[in-house]
Amino acid sequence: MTTETSYALTRPAYVDQSHLVVTDLPLVSSFYRSMLGLGVIEKSASGEVLGVDGTPLLSLTTGKHVRVAPRHAAGLFHTAFLMPSRTELARWLRHAAHNNVVLDGASDHLVSEAIYLSDPEGNGIEIYADRPHEQWKFHQDGQVEMATLRLDLQSLYNSVAPEDTWAGMAEGTAIGHIHLQVGNIPEADTFYRDVLGLKLMAQRPGASFFATGGYHHHVAANIWNSRGAGTRADGMTGLSDYTLRFNDKVSLDKAVAKLDELEIKSERRNGGVFLHDPWGIGLTLAA
């Protein structure tokens with residue numbers, strides 16, 4: 001069965017992989033495999049690459065000098081796994097309920113329905129399904145109407161037949177967006193909007209949401225736990241880096257030219273351009 005590519009991934013650029021540094025690799029890997037249904041694609045002494053249907057989504061690595069990041073450090077707020085359909089979200093919810101997965105919350109954001117949880121080391125996770133983008137409402141300035149309403153988990157749970165079983169993450173599951181903890185919002189706006197060329201799609205007190213091609217957000221940044229945070233130290237647990245994949249080489253070239261013009265340090269690496277954001281979170285721009 002081939003699934004239609006999610007709207008998020010057909011835009012000029014999207015997030016396609018995330019890399020976490022962990023202290024207990026077997027424990028965290030086991031959680032993403034059993035609770036989220038990701039499969040192991042690659043294994044090495046220091047890490048694993050997990051994904052869906054052979055597509056890598058999440059790298060986990062560890063090392064001798066890894067130290068636990070403080071809660072208020074810049075880094076990850078959550079990695080958001082986008083389900084190919086609402087049915088898949090409901091199937092996952094049923095699986096989570098039957099396996100006593102502790103949820104941190106659930107919200108109806110108008111553009112999407114989202115369920116929140118954390119991995120064993122406290123890395124935030126969002127599991128969500130988008131509503132059809134034809135139903136999203138946009139303001140005059142091009143920003144998208146979003147809200148945080150209570151999600152009726154019971155009706156979502158009831159929307160799939162009891163005998164409908166979950167067999168792991170479905171083909172077409174992807175990282176729909178990544179939500180970051182940063183030190184301040186104006187600096188985040190400058191970096192994501194003005195340097196990388198993403199559009200500011202929504203604003204909340206202490207948070208900005210950025211995207212390409214009219215998606216609700218591919219990257220979000222907030223200061224809710226991390227106001228004033230400085231640069232991440234080497235070897236900290238949590239988000240080491242992520243990849244922004246460009247479907248459109250012109251946008252990529254434009255972003256790279258902007259980095260050079262502003263003399264932001266970057267290096268060619270693995271067929272992409274690697275740099276750090278203002279808080280030391282690694283970012284690969286690739287096409």
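Is A147 buried or exposed? In this predicted model, A147 has a relative accessible area of 19%, and because the cut-off for a buried residue is under 20%, A147 counts as buried. Let's start from this residue and then walk through the rest of the fold.

**Around A147**

A147 sits in the loop between strand 8 and strand 9. Leaving aside residues up to four places away in sequence, A147 touches D108, H109, L110 and R204.

**The whole protein**

Stepping back, the protein contains five helices and 17 strands. Its radius of gyration is 18 Å, close to the 19 Å that the globule rule gives for 287 residues, so the protein is as compact as a globular protein of that length. The C-alpha trace spans about 55 × 50 × 35 Å along its principal axes. Of the 287 residues, 52% are buried. The accessible surface comes to about 13200 Å², and carbon and sulfur atoms hold 50% of that area. Among contacts with a separation of 6 or more, 70% are between residues 24 or more positions apart.

Nine strands build an open sheet with mixed pairing, in the order 9-6-7-8-5-10-13-12-11. At its edges are strand 9 (149-150) and strand 11 (199-204), each of which pairs on one side only. Strands of a sheet pair through backbone hydrogen bonds, either parallel or antiparallel. Strand 5 (residues 75-82) and strand 8 (residues 124-130) take the parallel sense, with four bridges between them. To find this pairing on screen, look for L82, whose bridge partner in strand 8 is Y128.

Helix 2 (residues 86-98) lies across strand 7 (112-118) and strand 8, and runs at about 30° to strand 7.

How many of the six residues of strand 3 are buried? Six of the six are, so strand 3 is largely enclosed by the rest of the structure. In a regular strand the side chains alternate between the two faces of the sheet. Here G47, V49 and G51 point one way, while E48, L50 and V52 point the other way, and all are buried.

| Strand pair | Sense | Bridges | Paired residues |
|---|---|---|---|
| Strand 2 (39-44) and strand 3 | antiparallel | five bridges | V40 and L50 |

Strand 2 and strand 3 form a hairpin with two residues between them. Strand 3 and strand 4 also form a hairpin with two residues between them, and D53 lies in that turn.

Most residues other than glycine have a negative phi, and most peptide bonds are trans. D53 is not a glycine, yet has a positive phi of about 55°. D53 lies in the loop between strand 3 (47-52) and strand 4 (55-61), and is exposed, with a relative accessible area of 60%.

N100 likewise has a positive phi of about 55° without being a glycine. The place of N100 is the loop between helix 2 and strand 6 (105-108). N100 counts as exposed at 66% relative accessibility.

**Helix 4 and its ends**

What caps the N-terminal end of helix 4? N184 does: a side-chain oxygen of N184 lies 2.9 Å from the backbone nitrogen of E187. Within helix 4 (residues 185-195), the buried residues are I185, A188, D189, F191, Y192 and V195. An α-helix has 3.6 residues a turn, so residues three or four places apart point the same way. After the helix comes G197, which has a positive phi near 85°.

Technical notes. Residues are numbered from 1 along each chain as its sequence is written. This is a predicted model: local features need pLDDT of at least 70, side-chain atom pairs count only at pLDDT 80 or more; totals for chains, interfaces and linings use all residues. Side-chain values use heavy atoms; hydrogens and water are left out. Two strands pair if DSSP finds at least two bridges between them. Contact means heavy atoms within 4.5 Å. Axes are lines fitted to C-alpha atoms, for helices over the stretch in contact, and angles run from 0 to 180 degrees between N-to-C directions. The radius of gyration is taken over C-alpha atoms; the globule rule is 2.2 Å times the number of residues to the power 0.38. Buried means under 20% relative accessible area, exposed over 50%, partly exposed in between (1.4 Å probe, protein chains only). Accessible areas come from the Shrake-Rupley method with a 1.4 Å probe; for residues, only the protein chains shown count as cover. A polar contact is a pair of N or O atoms within 3.5 Å; within protein, one must be able to donate a hydrogen and the other to accept it, and residues adjacent in sequence count only if both atoms are side-chain atoms.
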